[in-house]
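My entries follow in the order I made them.

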Amino acid sequence: MGLRPWRFMQIDNLQYLAWILVLSQFIVIVHSVASNLHLIDGTSIPEILGSDVFFEIIDPRELSYTYRLRPAKDFGAPFNDSFHAMGIGLVPVDPPSGCGWPRNAENVEGNIALVERGECSFVTKALKMEEVGALAIIVADNDIKGDEHFIDMVDDNTLREVHIPAGFLLGKNGHMIRRTLAKLHKKRAVINIPINLTYVPIVKHKQPPWLGW
């Protein structure tokens with residue numbers, strides 16, 4: 001009779017140790033998943049982001065979010081390998097198409113040109129902005145309500161060579177950037193491009209409140 005309490009205590013201790021072991025294994029698994037950036041279905045964040053490029057607007061604060069670009073498919077220089085700019089201007093081109101010499105060329109020079117899709121090829125826009133002196137070009141869709149579908153910017157087969165990076169921006173983002181800058185009477189936004197989101201969970205991306213991606 002005197003040994004039974006000790007035996008029960010042994011069983012309780014064994015159960016306690018078993019729970020500790022299970023909990024430890026669970027923590028290791030969770031840490032491993034977080035470290036390898038895998039989601040529940042086994043898809044990693046790099047696989048989701050693909051080759052897309054991200055930039056952030058740091059001024060004005062009304063536009064201080066992270067934006068997603070689809071790089072030109074087969075022309076221009078790559079953003080990540082050859083182009084890194086912190087605190088550079090993003091200048092809406094006037095007129096927006098960017099097919100001709102802009103009225104605000106002096107503001108575009110040395111900065112990134114923001115133009116709109118339409119009226120001429122992507123390559124023509126990029127070459128014109130390169131001629132003006134832009135360091136890169138962002139082409140926003142001319143559908144100002146477009147908040148989901150990215151267009152693949154392809155070469156126009158004219159055998160012209162573009163030397164600056166080019167990327168495609170959703171129309172809703174381009175519209176909101178232009179409208180907000182005009183409202184604030186600002187000639188440009190200040191951005192960092194590209195930014196690395198590889199180790200940032202999707203849920204923590206500071207995306208614009210007017211769309212989801």
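**Strand pairing.** I started at proline 71, whose bridge partner in β6 is glycine 167. The model is a predicted one, so I kept its rules at hand: local features need pLDDT of at least 70, side-chain atom pairs count only at pLDDT 80 or more, and totals for chains, interfaces and linings use all residues. Residues are numbered from 1 along each chain as its sequence is written, and side-chain values use heavy atoms, with hydrogens and water left out.

Strand β2 (residues 66–71) and strand β6 (residues 166–169) run antiparallel and are joined by two bridges. I took helices (H or I, at least four residues) and strands (E, at least two) as DSSP runs, numbered from the N terminus. Two strands pair if DSSP finds at least two bridges between them. On the β5 side, four bridges join β5 to β6, and these two run parallel. There, alanine 140 stands opposite leucine 169 of β6.

I then followed the pairing around. Seven strands close into a barrel, in the order β1-β2-β6-β5-β4-β3-β7, with mixed pairing. From one strand to the next the twist averages 35°. For angles, axes are lines fitted to C-alpha atoms, for helices over the stretch in contact, and angles run from 0 to 180 degrees between N-to-C directions.

**Helix α5.** I counted eight buried residues among the eleven of α5, so this helix is largely enclosed by the rest of the structure. The buried ones are Phe122, Val123, Thr124, Lys125, Ala126, Lys128, Met129 and Val132. They pack against α4, β4 and β5 (136–140). Glycine 133 follows α5 and has a positive phi, near 115°.

**Asparagine 111.** This residue sits in the loop between α4 and β4. Is asparagine 111 buried or exposed? It counts as buried, at 10% relative accessibility. Its side chain reaches the backbone nitrogen of glycine 89 at 3.1 Å. I used the polar contact rule here: a pair of N or O atoms within 3.5 Å, where, within protein, one must be able to donate a hydrogen and the other to accept it, and residues adjacent in sequence count only if both atoms are side-chain atoms. Leaving out residues up to four places away in sequence, asparagine 111 touches Ile88, Gly89, Val91, Ala134, Leu135, Ala136 and Arg188. A contact means heavy atoms within 4.5 Å.

**Disulfide.** I found one disulfide, taking the term as a pair of cysteine sulfur atoms within 2.5 Å. It joins cysteine 99 to cysteine 120, S to S 2.0 Å. The two cysteines are 21 residues apart: cysteine 99 is in the loop between β3 (85–92) and α4 (105–108), and cysteine 120 in the loop between β4 (112–116) and α5 (122–132). The torsion about the S-S bond is about -95°, so the disulfide is left-handed. Cysteine 99 is partly exposed at 21% relative accessible area, and cysteine 120 is partly exposed at 22%.

**Cis peptides.** The bond from aspartate 59 to proline 60 is cis, with omega near 5°. Proline 60 lies in the loop between β1 (53–59) and β2 and is buried, with a relative accessible area of 2%. Beyond four places in sequence, proline 60 touches Leu181, Leu184, Lys186 and Ala189. Proline 194 is in the segment after β7 (189–193).

**Positive phi.** Glutamate 119, not a glycine, has phi near 80°. It is in the loop between β4 and α5 and is exposed at 77% relative accessibility. Histidine 185 has a positive phi of about 60°. It lies in the loop between α6 (171–183) and β7 and is exposed at 74%.

**Confidence.** I checked pLDDT, the predictor's confidence in each residue from 0 to 100. The protein averages 83, and 74% of the residues score at least 70. Over residues 26–44 pLDDT stays under 50, and the model has eleven contacts beyond four places in sequence for them.

Notes: Buried means under 20% relative accessible area, exposed over 50%, partly exposed in between (1.4 Å probe, protein chains only).
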